[in-house]
Amino acid sequence: MIRLDEMHDAAPQGGPGPVRAHYRSYHDWLSRQSHQLMADRQQEAEMVFRRVGITFAVYGDKDADGAGTERLIPFDLIPRIIPAHEWRELQQGLVQRVTALNRFIHDIYHDQEILRAGLIPREMVLGNAQFRPQMQGLSVPGDVYSHISGIDIVRAPDENGQPRYYVLEDNLRVPSGVSYMLEDRKMMMRLFPELFSSHAVSPVAHYPDLLLETLRASAPATSADPTVVVLTPGMYNSAYFEHAFLAQQMGVELVEGQDLFVKDDFVYMRTTQGPKRVDVIYRRVDDDFLDPTVFRPQSTLGCAGLLHAYRAGHVNICNAIGTGIADDKSIYPYVPRMIEFYLGEKPLLSNVPTRICRDPQDLQYTLDHLDQLVVKEVHGAGGYGMLVGPAASRAEIESFRAALIADPARYIAQPTLSLSTCPTYVEEGIAPRHIDLRPFVLCGKTVQMVPGGLTRVALKKDSLVVNSSQGGGTKDTWILQA
């Protein structure tokens, strides 16, 4: 299998070849650093992250009180560097993709032209658990449904062995991780300030400003000076640090469902000065828990009457209710068709070839090649509910075979990509580890993004699972200026 490394070109005989042009200056600097210095900097990073509270909760692990344990997300000292020309191509492809996804969401909740054209099976949309009938016919400001999209990108060899960027997943409901992108950059500037004077690294610190601009621009037309809040499920949520961080960075209130109420179809938050009207809710709560009068009656995380106020056009919810239909893994294979249908353009970024297991032929192929494929639950997240065939035991493969046969519509299958690696500082020194990239695309009156993203790294040798819940870490992502 061909292996791509971010720092080195491939050598004809295998192994690392010459250093890629955009890494040469950094490589020269790294070669002069002692192991002790790097170890000291790693220890300093962990100390600061722990003091600041940059952690996430792992629901599968319980402490003595039965609560999810808090873990530090491991931070790696060696950045992932992307040259300016590659970023420009990525950015163009991301803008195209997110624009088409927003058009798709609007279409399926209105005229459903793509379904009538037969480009996506009707039952895969209308029968999908992420499809929200309550959103049909509801107009949202600017026809924008996904204001914040996290698109997972990998770099891997194509069928001819040439490097190519692929979209691995679309995250349009409540994408997380941008706080780690920002904190990783702050940490690198703290630990190695000299690198930023010798490298033209594009800034990312203005992301909260762009996010607030996007959210304010999405407010109902009746709001001259919109009030924005961040709605969190609370401190026990795995991404609570990020919720609090973004609210603080934007200078807006962090609220829970109990802090909000609806009166006369307007949403208000309780404050020490009395009720204050809310115009835009950046929600980090899943659809099912947003309004107990419409979705789960037992939910205490949302606000009763919220959907009614939303339908009346008196508040905007970002991302919109029902966006999950566009990041469902069973819909993912159809995104290239969406781009051509809505935009009349060829996709600039490729999908990973995907087999939909509800299709009998795709199911049979998957069952016959389980030891070679990655099989994912269509509603799975966080690296859970998936099989990496080449790394799985016989028992794991047989268990997945039984699950596939019992309910094939729950799964998709993809080839096991040889994800690119990046030199990573691990216990034994510097070694290659597999990575991906999650850029964050903001859609308001315009589509914009900061030059960067969250690079996630699989710290276990040969592992392809980069999720923090599965032992993955993060790296700073440098987009070099032209």
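Biologist: What covers the buried residues of α12?

Modeller: The cover includes β16 (355-356), β17 (373-377), α13 (394-406) and β19 (411-415). Some ground rules. This is a predicted model, where local features need pLDDT of at least 70, side-chain atom pairs count only at pLDDT 80 or more, and totals for chains, interfaces and linings use all residues. Residues are numbered from 1 along each chain as its sequence is written, and side-chain values use heavy atoms, with hydrogens and water left out. Helices (H or I, at least four residues) and strands (E, at least two) are DSSP runs, numbered from the N terminus.

Biologist: Which residues of α12 are buried?

Modeller: In α12 (residues 360-368) they are D362, L363, T366 and L367. Buried means under 20% relative accessible area, exposed over 50%, and partly exposed in between (1.4 Å probe, protein chains only).

Biologist: Why do the buried residues of α12 line one face of the helix?

Modeller: Seen down the axis of α12, they fall within an arc of 135 degrees, so they line one face. The arc is that of the directions from the helix axis to the C-beta atoms. An α-helix has 3.6 residues a turn, so residues three or four places apart point the same way. On the other side of α12, P360 and Q361 are exposed.

Biologist: What caps the N-terminal end of α12?

Modeller: D359 does, with a side-chain oxygen 3.0 Å from the backbone nitrogen of Q361. A polar contact is a pair of N or O atoms within 3.5 Å; within protein, one must be able to donate a hydrogen and the other to accept it, and residues adjacent in sequence count only if both atoms are side-chain atoms.

Biologist: Where do the buried residues of α11 fall?

Modeller: V335, M338, I339 and Y342 are buried in α11 (residues 335-343). Their arc is within 100 degrees, so they line one face of the helix. They pack against α3 (84-108), α4 (113-116) and β7 (163-171). Just after α11, G344 takes a positive phi of about 65 degrees.

Biologist: Which residues make the contact of α8 with α9?

Modeller: Y207, P208, L211, L212 and L215 of α8, and L246, Q249 and M250 of α9. Contact means heavy atoms within 4.5 Å.

Biologist: How does α6 cross α9?

Modeller: The axes of α6 (residues 178-191) and α9 come within 9 Å and cross at roughly 70 degrees. That makes α6 roughly perpendicular to α9 too. V178, S179, Y180, L182 and E183 in α6 meet F241, E242, F245 and L246 in α9.

Biologist: Is E242 buried or exposed?

Modeller: E242 has a relative accessible area of 1%, so it is buried. Its side chain reaches the backbone nitrogen of V178 at 3.1 Å. Among the contacts of E242 beyond four places in sequence are P175, G177 and R284.

Biologist: Why does I153 count as buried?

Modeller: Its relative accessibility is 1%, so I153 counts as buried. I153 is found in β6 (residues 148-157). The C-alpha atoms of I153 and L90 are separated by 9.1 Å, though 63 residues apart along the chain.

How values were computed. Axes fitted to C-alpha atoms, helices over the stretch in contact; angles between N-to-C directions. Parallel < 35°, antiparallel > 145°, perpendicular 65-115°, else oblique.
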